[in-house]
Amino acid sequence: MSVELSQLSATQAAQAIADGLISSEQLVQACLDRIRESEPQVQAWQFLDEKLALAQARARDQDRAEGRAIGVLHGIPIGIKDIIDTDDMPTEDGTSLHAGRTPANDATVVALLRAAGAVIMGKTVTTELANMTPGKTRNPQNLERSPGGSSSGSAAAVAAGMVPLAIGTQTSGSVIRPAAYCGVYGFKPTHGLISRHGILKLSRTLDTVGLFARNLEDLALLADPLIMHDEKDFDTRPRARMQFPAMVRSEPPLPPSLAFVKTEVWDRADETTQQAFAELIEELGERCKIIELPTSLKVAWEFQRIIAEAETAFNLDLEWQKGQSVLSPSLRERLERGRSTSALSYQKAVAAIPKLIAEFDEVFDSFDAVITPSTTGTAPGLDSTGDPVFCALWSLLGMPAVNLPFMTGVDNMPLGVQLVGARLMDARLLRTAKWLQQRVAPS
């Protein structure tokens, strides 16, 4: 093929492997070559064993050669955030407290990826215990800028062309934010749609598995085999298949209508972001209407903070008890706040979620999606993973969100557009995102 193999989309690569035009081993080797070239600067990987990656690829090629059934991700290399268990690689959670930890079993999401034929390339860098303290990873768009967090390595690896796909997680803004900063597509599905069994738990109420890719079709390809009921994750439910790839390829029956909401945190967006969105809304014309959210939602950001901090403190209690001295000051401070949260405050915050979700019923009766910034601006310096404030509301409400990287901000750095959909309308959201991209930034 004339295209550099490491630059193929996952959809292109999967088809080329299925047609016998390339092998998984060739694709994985091309990605390893790209990693060897870029990793010293970007530092996206926590664990990478070239021999193990190539052995998986050869096994996939052997399966195809012998006529065995192949999955939708057959032979495709994927990066896995280093808080997600893998039975053949360490999972160290971004902390020396878990150094050398090698799980006995794959997380459910990893098992599903393997069943779909994916090659688990390695473990991508996470921030410390998937919180806010930066790790070693740098932004491929500008090595002096942050890639965001906590799924830092996953976003950076896709942005740098090291792998076409990667898996991350989001509790506040840990998928959408790094996707925006690194200029890739990021998808946070409806809460409970993808199993979190075998993944470092911070907040059962908020934690969500998320996906990174270089286009919307690849997000759909990756999402499709991961949606299932898992009795080991009590927040998953039996559901009909959403048919992600077919939905993304289809045209909406009517041109979508979008609701632009500034929310209570609009003043946190920098001037360039505010101006860019004013221009975007003007360009969309009658397809986008500016609306005000109910005043009852003003408490949502505080509720999200209370839940995230209290549940994180509970789930990291062992690390607190045994290793306070090696935790970063910012994480210790966060855990202290969580540990001091009153039971009454926490229960009030959790109890409010269904009522806040209901406030959006009328919005999604009238609009296909909500449009907001993904972040307050472009990627900050390396001493920060950025502000998740424009993602926190949707994490609290468990709504699906996707980052679209078709705008630029200060210093020509990526500036993300976030679309948010109604719960369980994930495939429809990706279809709307495809429409928006074709409308505003046709390739």
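**View 1. Salt bridge between Arg 68 and Glu 66.** In this predicted model, the side chains of Arg 68 and Glu 66 form a salt bridge with an N to O distance of 2.6 Å (a side-chain nitrogen of Lys or Arg within 4 Å of a carboxyl oxygen of Asp or Glu). Arg 68 is partly exposed at 44% relative accessibility, and Glu 66 is partly exposed at 43% (buried is under 20% relative accessible area, exposed over 50%, partly exposed in between; 1.4 Å probe, protein chains only). The whole structure holds 25 salt bridges.

**View 2. Salt bridge between Asp 233 and Arg 196.** The side chains of these residues meet at 3.0 Å, N to O. Asp 233 belongs to the loop between α7 and α8 (244-249) and Arg 196 to the loop between β5 (185-188) and β6, so the pair ties together parts 37 residues apart in sequence (helices are DSSP runs of H or I, at least four residues, and strands of E, at least two, numbered from the N terminus). Asp 233 and Arg 196 are both buried.

**View 3. Salt bridge between Glu 333 and Arg 337.** The closest N and O atoms are 3.2 Å apart. Both residues lie in helix α12 (residues 329-340), 4 residues apart, about one turn of the helix. Glu 333 is partly exposed at 46%, as is Arg 337 at 33%. Salt bridges with shared partners join Glu 302, Arg 305, Glu 309, Glu 333 and Arg 337 into one network.

**Notes.** Residues are numbered from 1 along each chain as its sequence is written, and side-chain values use heavy atoms, without hydrogens and water. Local features need pLDDT of at least 70 and side-chain atom pairs count only at pLDDT 80 or more, whereas totals for chains, interfaces and linings use all residues.
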